[in-house]
Amino acid sequence: MNFKLKDIVPQLVTVIAVVLIFGFFTYNAQINMENRGIDFGYGFLSQESSFDVQFSLIEYDGSHSYFRAYLVGLLNTILVSVIGIIIATILGVIVGVARLSNNYLINKFAAFYVEFFRNIPLLLQIFFWYFAALRALPLPQDAEAIFGVFFLTIKGLYVPAFVWQNFNIFFYSIVAAVLAIIIIHIHSKKVQENQGKQIPVFLISLGLIFILPLLGFVLGGVRLSFEVPVLKQLATTSFIYEGGVSLPPELIALTLSLSLYTATFIAECVRAGIQGVGKGQKEAAASIGLTPNQVLKLVIMPQALRIIIPPTTNQYLNLTKNSSLAAAIAYPDLVLVFAGTALMQTGKAIEIVSITMFTYLTLSISISILMNWYNKKIAIQEK
Amino acid sequence: MSKINFLKPDKANLNTFLYLGSFLFFISVLDVFLNSFFSLNFTSFLPSFLSFLLPLILGFIGLYFIRIEFSGIKYLDLLNKHINTNNFNAILSLLIIFIILKSIPPILSWFVIDASFAGDSKDVCSGSGACWTYIKVWMRRFMYGMYPNAEQWRINLSFIALVLLGSVGYFATDKFKKYLTLYYVVIYPLIAFLFIFFFISGGPVFFDFSYGIIAAIISIMIGFFIPNKYKFYYFLIVPLLLYIVLKYFIFYEEMIELGKLDGLNWVETGAWGGLSLTFIISFFCLIFCFPIGMAFALGRRSNFPLIRYISVGFIEFWRGVPLITVLFMSAVMFPMFLPEDFFIDKLVRAIIAISLFEAAYVAEVIRGGLQALPRGQYEAAKSLGMGYWKMHIFVILPQALKLVIPGIANTFLALVKDTPLIFVVGLLEIVGMLNLAKTNPEWLGFAMEGYVFAAIIFWIICYAMSKYSYNLEQKYKTDR
């Protein structure tokens, strides 16, 4: 071992500085809390919360605990993120491909979309949709039905609810179909490697995913009916829809703006990815006799995805973090329910803000670990 | 003339196809045009479904007829190449043309034709168009927040002065070019801070802080005459000493008197707002987050494991949490961590929070640049006998920063777009002011105009920034 003073001093100084800063903060926090008579602890999580949340995926009211309120907020955050990610991905891929179109109009239209939505702050977009655009929607009694079953009103979007009978069987049939598809995939790969035969995997998969659940309907007694929302009069001027599922306008405004905004970034990732695959690759693949579909599937996509996926995951993370802007329009997400209402009620600033931050941190870090693993897996093996 | 096969347009019957196709295409566009601009519908005798689809069908057939390769007519070939390569593209092109034609009249009428500009009360806004009167009346609030009307010239003057001082780089002669970095990194931020502190904020001219500045200026002036050998120790000790002497010995008696020497009226930061606050916050965060980010980027690439771990922890922490929770922290949690009688202004807290947050992103961008440099650069610098700092300042960072200009510009763009979030700590920049104005009982119902106005302003700022960064990227592109 060869200790050098030059190596140790800078590290020691940094560590001492960090420790001193943290010590200073903790010391002050202790004194402040003593003076104000606040005690530190996470015991409040099991206490009764006694506040209501407008929109919740799990059963919740004021008699449940703060921890339950935390879960409600977390689930709402996840809900808005997942919907946003799905829409943003679909939109982003379409726009990204359109940006590469040789059709001048489509190309410019996509470019306009990207430049327009990317350069306006997300918060402003959320406010715009929530306070300006969605406020222009009709009242429940004036709403016209879309396809006879959807009602888009100022109070939110009402969609029919699924009413299942024997849902279990349906669920298991889908699981079985997915399992069968995975097995067929593995098997076909083996067959192709050993014998060079190709099995039409895609068609078989498509058939399986339709036929197995259909069998469930025919043989297993699965029934599906819809509960269509019905207009109901509460008072002379107050109407509401009953039945079905209602999506509050906050959720709509939030998902709309999040996905429109994030889609622009995903579109740029997709464009960069496809452009990043060299022209020679395409030509080489075509010259060894692959069909255009095979070129796309076996040569272009695997390489493009390698470039596309890491920044796109970053965008997914950004979307999830941006969903915390929900607090601005009172969509009950984690920040509003927990760091807002619960904090006001309990006054446990340090505990609640730290839990909220830790939750987001866990979410981001676990996804980035997953991403690093994936990156390593798909990285080109250089000799 | 050869036989015409209408399913296969060919060059032999070029003119027939050209006239027929152009006519159909023209009719379809004309139909949509008349429909949207003059609300005429000359296909109203048809069933509504067919009347709706007719332009699309006619246009499609028209485009199909004129899709003749190598026709020899320049414009036809260009048209075919760009919007009419195949059936699918033709339909998409038609749809886009129709959407544009359909959307121009409503947008135009809302923005200009039916909009009201005149007057200064709500009564003039009765039309179906936008009410720009609302923006006009509230303009001062949107620009300056609650800043007193009589004092707003201070903000204007400061901004003009700062823009002028900031553009020095363009006019600098070669002789001064080498000092530009020093100017922009140290002197300019200091001047800007003084402007904002004394001019926009106002308040007493003399107080603790002034002694520091006086001490710094005097010690720098004397510092020129100190031999190089002792310069380090001189700057280590003298400024601090001078500060103490100034504060506790020379001005001590007069301090009370001088404290009354009021400058401009003091305007508390709670009253700042509007677009000017957006600029102030973006400006300071931009200045602070860059050096912090650079330090942590170097820290993350350091050979010392402890420094590396601390940097990684810092970066990953800030990157993992949303800005809104960071601001929450600065608003409710941070005061708990400070001594009880120690108060930091909420604007300063917000600036610190945003700077630290963005610094983590800047650090990652710079790290990307550092990693992208080939090892040879490091080795060459070391073989010349350069130490760590010399190597980084003269060899590594200039190259790395050039590489990451687009990334840094994106981070700064994100920073500008994040400023509206300061509503969390109770500061109202332009978006916050809009929300306040929207709830004013005198002016209900004009949310749309306000948001469109702010969107246009932000769009111009952000678009200009992204174009500027693109230009910088092109300018500093060095072939390696």
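Start in chain A and select β1, β2, β3 and β8: these four strands form an open sheet in that order, with antiparallel pairing. The edge strands are β1 and β8 (245-247) of chain A, each pairing on one side only. Strands here are DSSP runs of E with at least two residues, helices are runs of H or I with at least four, and both are numbered from the N terminus. Two strands pair if DSSP finds at least two bridges between them.

The model is predicted: local features need pLDDT of at least 70, side-chain atom pairs count only at pLDDT 80 or more, and totals for chains, interfaces and linings use all residues. Residues are numbered from 1 along each chain as its sequence is written, while chains are lettered from A and ligands numbered from 1 in the order in which they are written.

**Along the sheet of chain A**

Select residues 145-146 of chain A, strand β1. Two bridges join β1(A) to β2(A), and the strands run antiparallel. Look for I146(A): opposite stands F150(A) in β2(A). The two strands form a hairpin with three residues between them. In that turn, check F147(A), whose phi is positive at about 55°.

Now take β2(A), residues 150-153. In a regular strand the side chains alternate between the two faces of the sheet. Colour F151(A) and T153(A) for the covered face of β2(A), then F150(A) and L152(A) for the uncovered one.

Move on to β3(A), residues 156-159. β2(A) and β3(A) pair in the antiparallel sense over three bridges. T153(A) stands opposite G156(A). Two residues lie between β2(A) and β3(A) in this hairpin.

**A further hairpin in chain A**

Select 230-233 and 239-242 of chain A, which are β6 and β7. Four bridges pair them in the antiparallel sense. V230(A) has E242(A) as its bridge partner in β7(A). The hairpin leaves five residues between the two strands.

**Across to chain B**

Show the contact between the chains. Which chain gives 43 residues, and which 48? Chain B gives 43 and chain A gives 48. Contact means C-beta atoms, placed from the backbone, within 7 Å.

On the side of chain B that touches chain A, the elements giving two or more residues include α3 (74-83), α4 (87-113) and α20 (430-438). α21(B) gives the most, with nine residues. That side of chain B divides into 32 nonpolar, seven polar and four charged residues. Nonpolar covers Ala, Val, Leu, Ile, Met, Phe, Trp, Tyr, Cys and Pro; charged covers Asp, Glu, Lys and Arg; the others, Gly among them, are polar.

Zoom in on α1 (residues 5-36) of chain A and α14(B). Their axes come within 8 Å and cross at roughly 35°. Each axis is a line fitted to C-alpha atoms, for helices over the stretch in contact, and angles run from 0 to 180 degrees between N-to-C directions. From α1(A), pick P10(A), Q11(A), T14(A), V15(A) and V18(A). From α14(B), pick L306(B), I307(B) and I310(B). The residues of this contact are six nonpolar, two polar and no charged.

**Inside chain B**

Colour chain B by domain: domain 1 is 11-113, domain 2 is 138-147 + 267-475, and domain 3 is 204-262. These bounds come from an automatic or database domain assignment. The C-alpha centres of domains 2 and 3 of chain B lie 32 Å apart.

Select α16(B), residues 346-372. The helix has 27 residues and reaches 39 Å from first C-alpha to last, close to the 39 Å expected at 1.5 Å a residue. That expected span is 1.5 Å times one less than the number of residues. Because 21 of its 27 residues are buried, α16(B) is largely enclosed by the rest of the structure. Buried means 20 or more other C-beta atoms within 10 Å of a residue's own, exposed means 12 or fewer, and partly exposed lies in between; the C-beta atoms are placed from the backbone.

Next, T133(B) in helix α5 (residues 132-144) of chain B. Is T133(B) buried or exposed? T133(B) is buried, with 22 other C-beta atoms within 10 Å. Not counting residues up to four places away in sequence, T133(B) touches several residues, among them S116(B), F117(B), V124(B) and C125(B).

Last stop: I244(B), in helix α11 (residues 228-250) of chain B. I244(B) counts as exposed because there are 12 C-beta neighbours inside 10 Å. Draw a distance to G212(B), 32 residues apart along the chain: the C-alpha atoms are separated by 8.9 Å.

Technical notes. Contact = placed C-beta atoms within 7 Å.
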